[in-house]
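Hi there,

Here is the structure I promised to pass along. Have a look at it first, and then read on for what turned up.

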Amino acid sequence: MPQDDIPESPIASLCRDKGLKLTDQRRVIAHVLSESDDHPDVEELYRRALAIDPRISIATVYRTVRLFEEKGILLRRDFGGSRARYEKTDHGNHYHLIDAKSGSVIEFEDEVLEVMLRQIAVRMGFDLVTTRLELFGKKMK
């Protein structure tokens, strides 16, 4: 896909809102991240970005991901394994179930769980501000 054909992505808009200069390569990386429905690591982001712009280097992807993380555009996630994975910060309130065998990540929402978490916080004297929950499991046979 030629870079001129890349539409303005939600992450590119966030970058502009936060005053970041959007180089062509950052725009490609922002597009790849906005289109991702998984939690890619830097290596996977690089592969996807390279398919759009063969001039992108792995170093550029690392620097861009770090910058996006510092600016609050991306969240770094550790789902086990050796590589950090990333997701958009505006991804809404959700939780992760990680297959301990394959490493695949399933996102889910659960209102009952959210109520329970708020109740636990209140019982302990806190007003719940945010949650982060990662469950690790093995597929039942």
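What share of the 141 residues in the protein chain is buried? Buried residues account for 35% of them. Please keep in mind that this is a predicted model.

First, the overall layout. The protein chain contains five helices and five strands, and along the sequence they come in the order α-α-α-α-β-β-β-β-α-β. Of the contacts between residues at least 6 apart in sequence, 47% join residues at least 24 apart. The accessible surface of the chain is about 9,100 Å², and carbon and sulfur atoms hold 52% of that.

Now to the inside. The largest nonpolar core has 22 residues, and those touching the most other members are Ile11, Cys15, Val28, Ile29, Leu33, Val61 and Phe68. Two or more residues come from each of helix 1 (10-17), helix 2 (24-35), helix 3 (42-52) and helix 4 (58-70). Helix 2 is the top contributor to this core, with five residues. As background, nonpolar side chains in soluble globular proteins tend to be buried together.

Leu97, Ile106 and Leu135 make a surface patch of about 220 Å². Ile106 sits in strand 4 (residues 105-108). Is Ile106 buried or partly exposed? Its relative accessible area is 45%, so Ile106 counts as partly exposed, the range between under 20% for buried and over 50% for exposed.

Happy to go through any of this with you.

Best wishes

Note on methods:
Residues numbered from 1 in each chain as written. Predicted model: local features only at pLDDT ≥ 70, side-chain atom pairs only at ≥ 80, totals over all residues. Heavy atoms only, no water. Core = buried A, V, L, I, M, F, W, Y, C linked by side-chain atoms within 4.5 Å. Buried < 20%, exposed > 50% of the residue type's maximum accessible area, 1.4 Å probe, protein only. Helix = DSSP H or I, 4+ residues; strand = E, 2+ residues; numbered from the N terminus. Patch = residues over 30% accessible without salt bridge, like charges linked within 9 Å, V, L, I, M, F, W, Y side chains within 5 Å. Areas by Shrake-Rupley, 256 points an atom, 1.4 Å probe, with all protein chains shown as cover. Salt bridge = Lys/Arg side-chain N within 4 Å of Asp/Glu carboxyl O. Contact = heavy atoms within 4.5 Å.
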